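The sequence and structure come first.

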Amino acid sequence: MDYDMLVIGSGPSGRRAAVQSAKLGKSVLVADRGRRLGGVSVHTGTIPSKTLRETVLNLSGWRERGFYGRGYRVKQDISVGDLIERLHKTLDHEVEVLQHQFMRNTVKSARATVKFLGPNRASLTTDTGNYSEVGFAHALIAVGTRPHRPRDVPFDKSRVFDSDEMLELERLPRTLTVIGAGVIGVEYATIFSALDVPVTLVEPRDTILDFVDREIVDDFIHQMRDRGMTIRLGSAIKEIASKPDYAEVTLADGRSIRSEMVLYAAGRTGNVGALGLDVVGIEADSRGRIKVDPQTFRTTAPNIYAAGDVIGFPSLASTSMEQGRVAACHAFGVPLPPPPETFPYGIYAVPEISTVGQSEEQVRESGGAYEVGVARFRETSRGHIMGVNTGFLKLLFSIETRRLLGAHIVGEGATELIHIGQAVINLGGTVDFFVNNTFNYPTLAEAYKIAGLDAWNRMGRS
């Protein structure tokens with residue numbers, strides 16, 4: 001059978017491209033080799049890790065410790081079973097919603113591995129070996145990524161795990177070493193720390209989260225260390241060994257770290273191995289990433305697109321969804337307005353980090369005069385009510401135009417609060433918006449007014 005759009009992968013970019021294509025009246029087939037629809041995002045990535053985080057924060061009483069002290073817990077003995085029960089309920093619901101969405105939009109789906117046979121033809125092979133072929137006018141590669149697993153790392157699901165395997169733990173570790181302080185590494189490290197597991201975070205580079213404003217990162221690192229986490233920056237890994245009773249990580253400087261378990265979270269690799277990309281003239285780099293036109297997400301093959309994690313940074317579910325939609329619209333000749341200048345990044349660590357627009361480092365490099373406004377959550381009445389004694393909002397304004405250039409948050413609710421800054425930036429708003437508008441009281445969002453006034457007091461009237 002022939003389809004207007006063949007979507008390979010059912011994660012955020014794949015599902016959005018499929019539904020967009022269907023809404024344009026096109027025939028669509030989504031092929032995914034996973035046991036259920038949803039891709040990495042639903043089954044091993046975004047949804048599971050965020051569900052795990054929410055469960056940990058609720059059961060541990062983390063959010064209430066500002067009032068009741070560090071020894072406070074809602075549930076004294078938290079087990080893996082407590083975490084997995086909620087995880088499975090959430091995943092079942094996500095899959096059900098996705099299946100209904102496909103059904104409602106007449107999107108067909110198949111559980112199969114796809115391989116290109118030519119620029120307009122592909123094979124589908126099921127787990128049981130059933131083979132079929134389909135034709136397509138356009139295709140979207142949305143196969144996502146898997147954890148990078150170097151050969152010299154002894155992954156065994158007993159002592160040494162990758163980030164996918166952390167969702168299959170049979171027990172909580174008494175101590176944990178996390179290698180890699182990227183987004184996945186810091187999220188898992190801080191989640192387990194919130195369970196009062198002693199965590200050591202190791203990063204071979206001297207800095208972490210380089211795309212985030214440095215002041216935000218510095219505060220984040222301070223909060224991690226303040227609660228007892230050990231952070232080793234600039235520490236290259238010499239060897240990882242799995243012993244009968246512990247795992248040992250030896251650093252290049254001679255130090256060693258012993259812990260019950262090790263999470264290796266240093267990078268991810270695109271799932272492109274089985275696609276037969278050479279047949280359609282597409283090349284992937286050493287980490288399985290595919291190069292695309294950043295405006296249309298078209299690959300070097302004119303009728304084949306790629307989106308989501310498989311094309312690399314920023315590798316966010318939110319941006320992946322939009323990439324899939326844009327690719328589908330371009331494939332079928334639907335004009336789109338230029339994308340907004342900025343989109344938010346969200347890091348679901350404990351505490352959350354979210355950022356939109358330019359960092360202070362980027363504003364400095366641009367050479368324009370600027371001013372900064374800061375509001376600490378403990379300065380808000382809602383912060384007092386919630387027992388929040390850490391976290392802050394940072395706003396950057398152009399002195400010449402008074403426009404908001406960047407908004408950066410570390411702390412409770414950061415990934416929700418950031419959208420106010422996003423809207424103001426993309427609508428060309430100025431510092432005067434925050435000064436002249438009324439915010440609900442008491443709220444953490446009131447921090448925007450406090451930070452706006454902080455900057456306005458130094459900038460003066462226009």
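Which residue in β14 is the bridge partner of Glu-248? The partner is Arg-258. The model is predicted, so local features need pLDDT of at least 70 and side-chain atom pairs count only at pLDDT 80 or more, while totals for chains, interfaces and linings use all residues. Residues are numbered from 1 along each chain as its sequence is written, and side-chain values use heavy atoms, with hydrogens and water left out.

**Strand β13 and its partners**

- Helices (H or I, at least four residues) and strands (E, at least two) are DSSP runs numbered from the N terminus, and two strands pair if DSSP finds at least two bridges between them.
- Strand β12 (residues 237-242) is joined to β13 by five bridges, and the two run antiparallel; Ala-241 stands opposite Glu-248.
- Four residues lie between β12 and β13 in their hairpin.
- On to β14 (residues 256-259), β13 makes four bridges, again antiparallel.
- The hairpin of β13 and β14 also has four residues between the strands, and Gly-254 there takes a positive phi near 100°.
- Five of the five residues of β13 (residues 247-251) are buried, where buried means under 20% relative accessible area, exposed over 50% and partly exposed in between (1.4 Å probe, protein chains only).
- In a regular strand the side chains alternate between the two faces of the sheet.
- In β13 one side carries Ala-247, Val-249 and Leu-251 and the other Glu-248 and Thr-250, and both faces are covered.

**The parallel sheet**

- An open sheet of five strands has the order β8-β15-β9-β10-β11, with parallel pairing.
- Each of β8 (160-162) and β11 (230-233) has a single partner strand, so one side of each edge strand lacks a neighbour in the sheet.
- From one strand to the next the twist averages 20°; axes are lines fitted to C-alpha atoms, for helices over the stretch in contact, and angles run from 0 to 180 degrees between N-to-C directions.
- Strands β9 (residues 176-179) and β10 (residues 199-203) are joined by four bridges, and Thr-177 stands opposite Thr-200.
- Helix α6 (residues 183-194) packs on the sheet and touches β9, β10 and β15 (261-264), its direction making about 165° with that of β10; contact means heavy atoms within 4.5 Å.

- With 15 residues, α8 reaches 21 Å from its first C-alpha to its last, close to the 21 Å expected; the expected span is 1.5 Å times one less than the number of residues.
- The buried residues of α8 pack against β1 (2-8), α1 (12-23), β6 (131-141) and β17 (304-306).
- Gln-323 lies in α8 (residues 317-331) and counts as buried because its relative accessibility is 9%.
- The side chain of Gln-323 reaches the backbone nitrogen of Gly-308 at 2.8 Å.
- Leaving aside neighbours within four places in sequence, Gln-323 is in contact with residues including Phe-297, Ile-311 and Pro-314.
- Just after α8, Gly-333 takes a positive phi of about 70°.

**Nonpolar cores**

- A nonpolar core is a set of buried Ala, Val, Leu, Ile, Met, Phe, Trp, Tyr and Cys residues joined through side-chain atoms within 4.5 Å.
- The largest has 49 residues, and those with the most contacts inside it include Leu-6, Phe-116 and Ile-304.
- Apart from it lies another core of 45 residues, among them Leu-57, Leu-87, Tyr-188 and Met-224.

Terms used
A polar contact is a pair of N or O atoms within 3.5 Å; within protein, one must be able to donate a hydrogen and the other to accept it, and residues adjacent in sequence count only if both atoms are side-chain atoms.
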